[in-house]
Amino acid sequence: METENVAQLIETSNAKWKPAKLEGIDFLPLHTDRAERKGTFLFRMQPGTCYTRHRHPGGEELLMLKGSLEMDGRKLKAGDFLYSPPGTAHELKSEKGCMFLVVWTDSIEIVVGGNFEEIEPNYD
């Protein structure tokens, strides 16, 4: 049986953002695959927010769209692209707020009590 290819359009200006588990951070799933544990998401961080130290076992691609973000001493601004290879750990902070596109290829591990604990991304 042949599967029909269908383009998917998400009107992000009208989409409902979801609150992340960390206060001041929202996300919008764009394309997700729970079985493959990967996804493409938009994230927004309010001014003064921090995404706690975490690791991406499968790597991460991040494209800054608006505002600025600090990642372990690196400053990213709109238009910057960052590739983090598998196993990379980092913390994200945004003093003035920002929006970025991120592609994950596996689950995320958050630092809890000094140890990394796996959390399943919300693919819905």
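Student: Which strands each supply at least two residues of the lining of the second largest pocket?

Tutor: Strand E5 (60-71) and strand E8 (88-94) do; strands here are DSSP runs of at least two residues, numbered from the N terminus. A word on the source: this is a predicted model, where local features need pLDDT of at least 70, side-chain atom pairs count only at pLDDT 80 or more, and totals for chains, interfaces and linings use all residues. Residues are numbered from 1 along each chain as its sequence is written, and side-chain values use heavy atoms, with hydrogens and water left out.

Student: Thanks! Which strand gives the most to that lining of the second largest pocket?

Tutor: E5, with 3 residues. A pocket is an open set of points on a 1 Å grid over the protein atoms alone, with protein on both sides within 12 Å along at least five of seven lines, and lining residues have an atom within 4 Å of a point.

Student: How do the residues of that lining divide?

Tutor: There are 5 charged, 2 polar and 1 nonpolar in the lining of the second largest pocket.

Student: Switching topic: which residues have the most contacts inside the largest nonpolar core?

Tutor: Phe-43, Met-45, Tyr-51, Leu-62, Leu-69 and Phe-100, in a core of 20 residues. A nonpolar core is a set of buried Ala, Val, Leu, Ile, Met, Phe, Trp, Tyr and Cys residues joined through side-chain atoms within 4.5 Å.

Student: And what does Phe-100 touch?

Tutor: Among others, Phe-41, Phe-43, Leu-62, Leu-69 and Leu-92, not counting residues up to four places away in sequence. Contact means heavy atoms within 4.5 Å.

Student: How many cavities of 30 Å³ or more does the structure hold?

Tutor: The structure holds 1. A cavity is a set of grid points where a 1.4 Å probe fits but cannot get out. The largest cavity has a volume of about 50 Å³, and Phe-43, Tyr-51 and Phe-100 are among the residues lining it.

Student: Which strand gives the largest share of that cavity's lining?

Tutor: E4 does, with 3 residues.

Methods
Helices (H or I, at least four residues) and strands (E, at least two) are DSSP runs, numbered from the N terminus. Ala, Val, Leu, Ile, Met, Phe, Trp, Tyr, Cys and Pro count as nonpolar, Asp, Glu, Lys and Arg as charged, and the others, Gly among them, as polar. Buried means under 20% relative accessible area, exposed over 50%, partly exposed in between (1.4 Å probe, protein chains only). Grid points are joined across faces, edges and corners, and a volume is the space filled by probe spheres set on the points.
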